[in-house]
Amino acid sequence: MDRRLFLAGTAAVVFVPLSPATATPDAMAEAIRKIVGTATPTEGRVKLDVPPLVENGSTVPLTVSVDSPMTEADHVKAIHVFNEKNPQPNIFSARLGPRSGKAIVGTRIKLGDSQRIVAIVETSDGKFWSAGADVIVTLAACLEESP
Amino acid sequence: MSNILVNAPKTARRGAVIEIKALIMHPMETGFRPGPNGRIIPRNIIERFTATWNGAEIFAMDMSPAIAANPFVSFFAEAKESGTVVLRWTGDEGFVAEQRVDIAVE
Amino acid sequence: MTGRLLAIGLALVFAASYAAAQVGADKRRSGYQDMGEALQKMQDDDTANPGMLFVQLGGQLWNRAVGAADKSCADCHGAAAVSMKGVAARYPAIPGGSDRPVDLEGRINLCRTEQQKADRLPPENRDLLALTVYVAHQSRDLQIAPPYDPRLDAFRQEGAEIYRRRQGQLNLSCAICHDDNAGKKLAGIVIPEAHPTGYPIYRLEWQALGSLKRRLRNCLVGIRAEAWPLDAPEYVALELYLMQRARGLKLETPAVRP
């Protein structure tokens with residue numbers, strides 16, 4: 001057997017993607033484009049609170065706060081959060097209104113790996129705002145084999 | 001019925017902005033993990049959470065598999081009138097859960 | 001005679017200084033203290049701590065009649081807030097009519113088979129964990145206080161030996177990590193002192209509630225040792241030793257851990 005051919009074949013097998021879908025920075029950009037269309041989000045007004053270093057990626061506290069008066073005339077309509085490396089780019093989309101009083105939403109998310117998180121906020125004037133945060137996920141030393 | 005914990009004030013001043021926190025028991029199975037037999041465990045997540053105050057929607061969230069198991073959500077609402085806040089979770093496999101909270105506005 | 005007096009005197013001095021050292025310089029740390037602020041807050045807030053969902057479920061199960069006897073836990077024990085207060089702080093213990101210690105899960109299963117005439121719940125079963133966490137929660141903020149029972153000594157001694165025994169392909173003992181290297185980092189995580197202060201715990205890695213046995217199995221898998229089956233007496237012996245070692249620390253059940 002031709003050694004070169006064998007190596008090439010092995011490489012081809014090795015580099016077949018193992019997972020059916022993995023979010024990438026491109027996939028995240030695409031998911032964001034679906035929300036903002038042709039608009040370019042402006043950085044600012046949004047605060048993305050997530051610990052920079054998390055002890056376990058399976059339950060990461062995350063809070064998005066937006067500087068907004070939350071009045072009928074000027075309020076946050078939606079908060080979307082995305083990630084780069086989970087199997088899918090979307091994390092959540094929340095709908096708010098003047099009745100919210102404060103544009104603050106908290107939840108807990110899963111992160112498969114260290115990566116960048118981006119929040120996109122849509123305000124009642126049709127504008128988009130954004131904030132990003134890098135999260136480093138450390139893994140416990142003694143993990144269970146299977147649940 | 002799933003176990004649910006809600007943290008909301010029983011009373012509020014008119015016009016006050018109150019925080020509502022809710023936690024529900026649910027596996028949020030991603031659909032990407034292999035089970036002990038090597039086969040992928042089917043996706044089983046809560047897809048949507050909504051909150052209404054006397055019937056009017058005050059908050060809604062579409063969830064993805066990236067929301068942690070036993071989902072936690074916190075949000076704010078302006079206390080306009082006394083009434084019932086209904087929190088509702090719906091998802092895969094026909095999952096529906098509801099929790100009602102009465103809030104007196106003075 | 002003088003010798004004996006001297007010995008007694010010395011013993012008293014040692015006892016007093018040992019006690020003083022225990023009070024003055026207790027450097028033992030719960031794993032809680034090694035967690036980040038976000039996780040501490042998650043544990044502290046009863047409406048944010050996912051373990052509280054299981055406490056709530058356990059409370060519902062406590063009042064539910066089951067088995068051929070159609071009895072609930074409450075039918076015998078009344079309000080858990082009264083009858084179960086302090087129980088988790090002194091377990092494992094030897095149940096009446098037996099000569100072997102059981103952990104809380106084992107005790108609950110004895111109640112099921114003997115009193116309720118119901119089936120045993122399997123290890124790590126959700127309802128068994130919920131009942132256990134409900135019972136243990138009644139001792140939250142109480143100090144761990146293993147009772148004086150000489151019948152437990154041999155089992156506790158066995159636990160101490162297991163704790164110090166090297167095992168697995170990595171040839172490590174519990175003591176090498178959790179005594180000799182506690183506080184240092186392993187793969188970015190602080191090695192805890194392994195005090196069982198909050199079981200059953202809500203472990204983020206599991207995204208679920210789990211028992212001390214499940215946690216000990218994680219360690220065994222981590223050092224590539226063969227894990228004992230979940231009903232093995234080794235776990236109870238080890239828990240007896242760990243509870244003795246954690247004597248005086250406060251219970252946190254349900255604790256949250258990464």
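Okay, some ground rules. It's a predicted model, so local features need pLDDT of at least 70 and side-chain atom pairs count only at pLDDT 80 or more, while totals for chains, interfaces and linings use all residues. Residues are numbered from 1 along each chain as its sequence is written, and chains are lettered from A and ligands numbered from 1 in the order in which they are written.

Let's start with the sheet. Six strands make an open sheet, ordered 2(A)-4(A)-7(A)-6(B)-3(B)-1(B), with antiparallel pairing. (Strands are DSSP runs of E, at least two residues, and helices are runs of H or I, at least four, numbered from the N terminus; two strands pair if DSSP finds at least two bridges between them.) At the edges sit strand 2 (46-49) of chain A and strand 1 (4-7) of chain B, each pairing on one side only.

So where do the chains join up? Strand 7 of chain A, residues 103-109, pairs with strand 6 of chain B, residues 72-78, over two antiparallel bridges. There, T107(A) has V73(B) as its bridge partner.

Now over to chain C. Helix 7, residues 104-116, has buried residues (20 or more other C-beta atoms within 10 Å of their own, placed from the backbone), including L104(C), I108(C) and R112(C). After that helix comes K117(C), with a positive phi near 55 degrees.

Last, confidence. Chain A has a mean pLDDT of 83, with 78% of its residues at 70 or more; pLDDT is the predictor's confidence in each residue, from 0 to 100.

Note on methods: A residue is buried if 20 or more other C-beta atoms lie within 10 Å of its own, exposed if 12 or fewer, and partly exposed in between; C-beta atoms are placed from the backbone.
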